[in-house]
Amino acid sequence: MTLFDTMRRLLAVSGLATLVVAASIGVGSAHAAAPTGQQAVASVSPAAGDVVGVAAPVTVTFAGSVPDRAAAQRSLRFTSGGAPSGRFSWPADDVMQWTPDGFFPAHSTVALSVGGVKTNFRTGAEVLGVADIDAHTFTVSIDGVVAREMPASMGKPKFPTPIGTFSALEKQNVVVMDSRTIGIPLSDAEGYKLTVYDAVRVTWGGVYVHGAPWSTGSQGNSNVSHGCINLSADNAAWYYDQVSVGDPIIVRA
């Protein structure tokens, strides 16, 4: 299984299930008709009717390898919903992803067409999480109003939390974190194998916002994690209940 196959499986589990185009053109149809010279669209995510965060990317899976990527990118058009500018990437030869540079309007319907397929999805509230590495805080605003500022602990100098703008990739009630997946043996002084709760994935490389009761003494005053954003159990559960897949997470120094 490739890394992207794993990503697509995780997206399906998290609720960003792909839209099999049959949903819009009739059950039983495998692919949407494509303009001459272009590859047919097999699925689009977010799916029709999905409610996602305001920073959710749009992922298009084609029926096969795409010979003309520029044409495929030009075929993606937002017809309503106030889409911001964005950038394209190709995680696989048959998969195109568009990532917004900003945010979609909250509480809105976003309509788009790609490769002759028309679909739409909805955004919920703008739930923005801001991790401040130096201040040791994680602040969540909902529709522009600060809802909770929480003590946090981010990555120690040897394992820094990445800085930038991200979106919540998935939500997992329970995650087993094993240092061996990032090349650290359990026998190493930095080795660990922990069961964590209320985990919101920030990167596919293993950065999460999650409950970390073992680091509550450091939360708000020092950074001791291996890159994750540590919160108390209560604060992590609260954030988990507020956030949707696709909501923005900003990490700043």
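Me: Which residues is Lys156 in contact with, leaving aside its neighbours within four places in sequence?
Reply: Keeping in mind that this is a predicted model, Lys156 is in contact with Glu190, Asn223, Val224, Ser225 and His226 once those sequence neighbours are set aside.

Me: And where does Lys156 lie?
Reply: Lys156 lies in a loop, namely the one between β12 (145-151) and β13 (164-167).

Me: What joins the side chains of Lys156 and Glu190?
Reply: The side chains of Lys156 and Glu190 are joined by a polar contact of 3.2 Å.

Me: OK, new topic. How many residues are in the largest nonpolar core, and which have the most contacts inside it?
Reply: The largest nonpolar core has 23 residues, and Phe138, Val200, Val209, Ile229 and Tyr239 are those with the most contacts inside it. At least two residues of this core come from each of β10 (127-132), β11 (137-142), β17 (229-231), α4 (233-242) and β18 (248-252).

Me: Which element supplies the largest share of this core?
Reply: That is α4, which supplies four residues of the core.

Me: Back to Val209: what is it in contact with, apart from neighbours within four places in sequence?
Reply: Val209 is in contact with Phe138, Ile229 and Tyr239, and also with Asp198, Ala199, Val200, Val202 and Leu231. There is also a second, separate core, which has 19 residues, including Val44, Phe62, Leu76 and Trp90.

Me: What about pockets? How much space lies in the largest pocket?
Reply: The largest pocket holds about 550 Å³ of space, and 26 residues line it, with Met177, Asp178, Tyr192, Gly206 and Cys228 lying nearest its centre. The elements giving two or more residues to that lining are β14 (170-178), β15 (193-201) and β16 (208-211), and β14 gives the most, with five residues.

Me: How do the residues of that pocket's lining divide into nonpolar, polar and charged?
Reply: The lining of the largest pocket has 14 nonpolar residues, ten polar ones and two charged ones.

Key. Residues numbered from 1 in each chain as written. Predicted model: local features only at pLDDT ≥ 70, side-chain atom pairs only at ≥ 80, totals over all residues. Heavy atoms only, no water. Core = buried A, V, L, I, M, F, W, Y, C linked by side-chain atoms within 4.5 Å. Buried < 20%, exposed > 50% of the residue type's maximum accessible area, 1.4 Å probe, protein only. Contact = heavy atoms within 4.5 Å. Polar contact = N/O pair within 3.5 Å; in protein donor to acceptor, adjacent residues only side chain to side chain. 1 Å grid on protein atoms, 1.4 Å probe; cavity = no way out; pocket = protein on both sides within 12 Å on 5 of 7 lines; lining within 4 Å. Points joined across faces, edges and corners; volume = space filled by probe spheres on them. Nonpolar A, V, L, I, M, F, W, Y, C, P; charged D, E, K, R; others polar.
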